[in-house]
Amino acid sequence: MNPLLIILAVVAVILLFVGGFTASLKFLLWVGIVLLIVAVVLWLLRTLTGRRG
């Protein structure tokens, strides 16, 4: 997996946890969800097209 996608996925998971535990930073929950979706879509595109990093 591309290192950028790994970093993106890790940041997304961290933001999901921070957004879930902190009510005042609830927008981070949505940012985390969006980043996670982007990471999954990019990973799927790389996997389906057969490109290797």
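## Leucine 42 and its helix

Leucine 42 has its place in helix H2, where a helix is a DSSP run of H or I with at least four residues, a strand is a run of E with at least two, and both are numbered from the N terminus. With a relative accessible area of 37%, leucine 42 is partly exposed, a class that lies between buried, under 20% relative accessible area, and exposed, over 50%, as judged with a 1.4 Å probe and protein chains only. Although leucine 42 and leucine 5 are 37 residues apart along the chain, their C-alpha atoms are separated by 7.5 Å.

Helix H2 covers residues 27-49, and valine 38 is found in it; valine 38 is partly exposed, at a relative accessible area of 36%. The 23 residues of H2 should span 33 Å at 1.5 Å a residue, which agrees with the 33 Å between its end C-alpha atoms; the expected span is 1.5 Å times one less than the number of residues. The buried residues of H2 are Leu28, Gly32 and Ala39, and just after H2 glycine 50 takes a positive phi of about 85 degrees.

## Basis of the model

This is a predicted model, in which local features need pLDDT of at least 70 and side-chain atom pairs count only at pLDDT 80 or more, while totals for chains, interfaces and linings use all residues. Residues are numbered from 1 along each chain as its sequence is written, and side-chain values use heavy atoms, with hydrogens and water left out.

Helix H1, residues 3-21, contains phenylalanine 17, which counts as exposed at 52% relative accessibility.

## The chain as a whole

The protein chain has 2 helices and 0 strands, and buried residues make up 15% of its 53 residues. Among contacts (heavy atoms within 4.5 Å) between residues at least 6 apart in sequence, 39% join residues at least 24 apart.

The accessible surface, computed by the Shrake-Rupley method with a 1.4 Å probe, comes to about 4,000 Å², of which 79% belongs to carbon and sulfur atoms.
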